[in-house]
Amino acid sequence: LVPEVESRKSPRISVDFPVVCRPVVAKRVLTQTFVGKAHDLGYYGISADLPLVLPPCSEVLMSLAPTLGIGKTIDVYARVVRTKQGQDAWRTNLEFTTLDTPGHQRVKQFIDHMLWGPLSR
């Protein structure tokens with residue numbers, strides 16, 4: 001077997017915080033919510049353990065932890081790339097679909113801070 005190789009477009013960091021997700025269908029954000037746990041974050045995507053399986057290409061609005069937004073949650077839109085079944089949850093890789101929004105900029109700042117300290121911008 002050849003191991004799976006994932007191309008990375010940006011640096012990624014290990015994280016451990018909750019994510020609240022709401023499905024997006026036909027450009028409408030649904031009221032249904034579910035909570036997962038993020039474990040890997042990059043400039044252009046996130047990997048999280050979710051309580052349900054989401055089909056590839058489905059979209060969600062993710063509210064990320066307050067630590068990313070200096071006391072308030074950060075909202076980013078994301079699309080499912082792939083899902084694998086784990087022990088207690090579905091390991092889901094998502095790519096952000098809205099770039100250069102305030103939420104996306106805050107994600108990038110958080111990653112830069114974690115990698116290079118407070119002097120990076």
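**Entry 1: a first pair**

Which aspartate forms a salt bridge with lysine 37? I looked it up: the partner is aspartate 16, and the closest N and O atoms are 3.3 Å apart. I use "salt bridge" for a side-chain nitrogen of Lys or Arg within 4 Å of a carboxyl oxygen of Asp or Glu. This pair links distant parts of the chain, with lysine 37 in strand β3 and aspartate 16 in strand β1, 21 residues apart. Lysine 37 is partly exposed at a relative accessible area of 43%, and aspartate 16 counts as exposed at 57%. My cut-offs here: buried is under 20% relative accessible area, exposed is over 50%, and partly exposed lies in between (1.4 Å probe, protein chains only).

**Entry 2: ground rules**

I am reading a predicted model, in which local features need pLDDT of at least 70 and side-chain atom pairs count only at pLDDT 80 or more, while totals for chains, interfaces and linings use all residues. Residues are numbered from 1 along each chain as its sequence is written, and side-chain values use heavy atoms, with hydrogens and water left out.

**Entry 3: the overall layout**

Read from the N terminus, the order is β-β-β-β-β-β-β-α. Helices (H or I, at least four residues) and strands (E, at least two) are DSSP runs, numbered from the N terminus. Of the 121 residues, 38% are buried. The chain exposes about 7600 Å², and carbon and sulfur atoms supply 55% of that; such areas come from the Shrake-Rupley method with a 1.4 Å probe, and for residues only the protein chains shown count as cover. I also checked contacts, meaning heavy atoms within 4.5 Å. Among those with a separation of 6 or more, 54% are between residues 24 or more positions apart.

**Entry 4: strands side by side**

I followed β3 (residues 34-42) to its partners, where two strands pair if DSSP finds at least two bridges between them. Eight bridges join β3 to β1 (residues 12-25), and the two run antiparallel. Four bridges join β3 to β4 (residues 45-50), again antiparallel. With two residues between them, β3 and β4 form a hairpin.

Alanine 38 in β3 is a handy place to look: phenylalanine 17 stands opposite it, and in β4 its bridge partner is alanine 48.

**Entry 5: more charged pairs**

How many salt bridges does the count come to? I get five.

Arginine 12 pairs with aspartate 40, the closest N and O atoms being 2.3 Å apart. Arginine 12 is in β1 and aspartate 40 in β3, so the pair ties together parts 28 residues apart in sequence. Arginine 12 is partly exposed at 24% relative accessibility, whereas aspartate 40, at 15%, is buried.

Arginine 91 pairs with aspartate 49, at 2.6 Å between the closest N and O atoms. Since arginine 91 sits in β7 and aspartate 49 in β4, this pair ties together parts 42 residues apart in sequence. Both are partly exposed: arginine 91 has a relative accessible area of 37%, and aspartate 49 has 23%.

I also noted that Glu59, Arg79 and Glu95 are linked in a network of salt bridges.

**Entry 6: a glycine in a loop**

Glycine 86 is in the loop between β6 (74-85) and β7 (90-96). Its relative accessible area is 35%, so I list glycine 86 as partly exposed. Glycine 86 and aspartate 49 are 37 residues apart in sequence, yet 8.1 Å apart in space, C-alpha to C-alpha.

**Entry 7: the helix**

The buried residues in α1 are Gly103, His104, Arg106, Val107, Phe110, Ile111 and Asp112. They pack against β1, β3, β5 (59-64), β6 and β7. Just after α1, glycine 117 takes a positive phi of about 90°.

**Entry 8: the core**

A nonpolar core is a set of buried Ala, Val, Leu, Ile, Met, Phe, Trp, Tyr and Cys residues joined through side-chain atoms within 4.5 Å. The largest one has 27 residues, and those touching the most other members are Phe17, Val19, Leu41, Ile46, Val60, Met62 and Leu64. At least two residues each come from β1, β3, β4, β5, β6, β7 and α1. β1 gives the most, with five residues.

I then picked leucine 41: not counting residues up to four places away in sequence, leucine 41 touches residues including Phe17, Ile46, Phe96, Val107 and Phe110.
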